[in-house]
Amino acid sequence: MTNEDVSKKRRKADLIIALQDLLQKNTVGTHEEIREALQKEGFIVNQVKISRILHKLGAIKMTEGDRIVYRLPSELMSITPKDSLRQLILTIKYNEVLIVLQTAPGSAQLVARLLDQKDDNDILGTIAGDDTVFIAPQSTKNIKIIFQKINKLLLG
């Protein structure tokens, strides 16, 4: 490996660390805001590179106050179903096979992660978009009970 290759890898690692710090400390909601903040730290990056790094880091968009911002998934580990979570949930509905949860824009991944972390709620898995979570129950025979558990967990 040449000195140039080593320097490139160090610079990329520095960029990733700078972006992680930015996501943890600031409220950036667009690629342009991220680009400008990184530029102030001496990094010249374009939207495509920012998008790739955000994807690699597993960054998600979530609602904070009246703004949608990027955050790292590790920040979600301490999230518990409290009053602030209640504000993210718009509707919870179910049919014979599936539970569908509507959230505020950018909040579905947060809610899905919380549900996936719970071991005692009889959920096979979740799929989250921007504002919708599809919840697959382990058994469709108990879907009403699972719906009630989720309702109680998220809305109290």
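Serine 107 sits in the loop that links strand E4 (99-103) to helix H5 (108-117); helices (H or I, at least four residues) and strands (E, at least two) are DSSP runs, numbered from the N terminus. This is a predicted model, in which local features need pLDDT of at least 70 and side-chain atom pairs count only at pLDDT 80 or more, while totals for chains, interfaces and linings use all residues. Residues are numbered from 1 along each chain as its sequence is written, and side-chain values use heavy atoms, with hydrogens and water left out.

With 0% relative accessibility, serine 107 counts as buried (under 20% relative accessible area; exposed is over 50%, partly exposed in between; 1.4 Å probe, protein chains only). Leaving aside residues up to four places away in sequence, serine 107 touches Lys61, Thr63, Leu88 and Asp130 (contact means heavy atoms within 4.5 Å).

As for the sheet, 4 strands make an open one in the order E3-E4-E6-E5, with antiparallel pairing (two strands pair if DSSP finds at least two bridges between them). Strand E3 (89-94) and strand E5 (123-128) are at the edges with a single partner strand each, so one side of each has no neighbour in the sheet. E4 and strand E6 (residues 132-137) pair over 4 bridges, and isoleucine 99 has isoleucine 135 in E6 as its bridge partner.

Then there is helix H6 (residues 143-155), with 13 residues. Its buried residues are Ile143, Ile146, Phe147, Ile150, Leu153 and Leu154. Down the axis of H6 these fall within an arc of 130°, so they line one face of the helix (the arc is that of the directions from the helix axis to the C-beta atoms). Just after H6, glycine 156 has a positive phi of about 85°.

Definitions and conventions
The expected span of a helix is 1.5 Å times one less than its number of residues.
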